[in-house]
Amino acid sequence: MKWLTQSLYPRLKPYLRWLVMGGVGFFLLQTLSTHWSEVLTLEVERGSGLKLAIALFLTLLAHIWSGWVWGWILKTLQYPVTAQWSIRVYLLTNLAKYLPGNVWHFYGRVVAAQRQNVPLAIATLSVLLEPLLMVAAALLLTLLLRPNLYLALQLPILTGLLIAIHPRFLNPLLRAASQIKGRLKGVPQAGYSLPTITHYPLKPLAGELIFLLLRSSGFLLTLFVFHPLTPDQLPLLISSFCLAWLLGLVIPGAPGGIGIFEATMLSLLQPQWSPSVILATVAVYRLITTLAETLGAFLAWLSQKRFSF
């Protein structure tokens, strides 16, 4: 088993990524070719332009909010930063997640944090904690809204994540990272300052819940353009969105969750909505998401030029 994980898996990893992407792409293309004629005959609901504009605004607001939450995470790690700084850096680096490797947005935030005198261990932990909190928030919303959806799988993962982000587990991790850094710099361990997390990150976790609700609201408005919605459908739609978004976040090889999110939404919503409606919705929503991220990066760039932080 050890030989398998240390020797065979690294060799197969690139091929597994392409296998996942190829399978997802084949599924999407097959579904699209089957239902393309239906997509072309769809009629949009009245006031679609306003709905899409609000969806764009909510998606942009979600990314701004997420940048603020990242600042809360740094504050939890005993390195507070201003909301303007954390939002600006977050928006400027957000588009880098579409680059091959899907890690360059994290790298950009770590570098920017170090320029603010945040230690490497703290900056790295902050960008690792953010997706962990997002995953926990997505699982929590899914379980609250649809407790019968993969309960046996989701509940243990959520429980493990909620335990892992407790200070009892994070503080030893920080201490070890700081000691390693101290030894590399030749600083005696006894005199090396060790950061300590004093409370459970409830505020950042609540912030990620709001982030997902904002993102799902943008998706709901996009779906509303192509099909009327009723209040009793909202739990199904929001939980499905959270699960699809989560898989797009955690499955490797899909920058920005492209393909994974769309395929998951098709599989989760197809019994209740026609494939043509789902295909049109996820395509338009992907465009809205990209526009929101681009607009956010542009606004952050303008702010950077104006205030030159």
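Residues 182-192 keep a pLDDT under 50; pLDDT is the predictor's confidence in each residue, from 0 to 100. The model has seven contacts beyond four places in sequence for this stretch, a contact meaning heavy atoms within 4.5 Å. Residues 1-6 also stay under 50, with three such contacts. Where pLDDT is low, the predicted coordinates should not be read in detail.

This is a predicted model, so local features need pLDDT of at least 70 and side-chain atom pairs count only at pLDDT 80 or more, while totals for chains, interfaces and linings use all residues. Residues are numbered from 1 along each chain as its sequence is written, and side-chain values use heavy atoms, with hydrogens and water left out.

The chain has a mean pLDDT of 80, and 74% of its residues reach 70 or more. Helices are DSSP runs of H or I, at least four residues, numbered from the N terminus.

Helix α2 covers residues 48-76. Its 29 residues reach 41 Å from first C-alpha to last, close to the 42 Å expected, which is 1.5 Å times one less than the number of residues. Just after α2, Gln78 takes a positive phi of about 70°.

Now the helix pair. Helix α4 (residues 104-115) and helix α5 (residues 120-145) pack at about 140°, axes 9 Å apart. Axes are lines fitted to C-alpha atoms over the stretch in contact, and angles run from 0 to 180 degrees between N-to-C directions. From α4, the contact includes Phe106 and Val110; from α5, Leu120 and Val127 are among the residues.

How values were computed: Helices (H or I, at least four residues) and strands (E, at least two) are DSSP runs, numbered from the N terminus.
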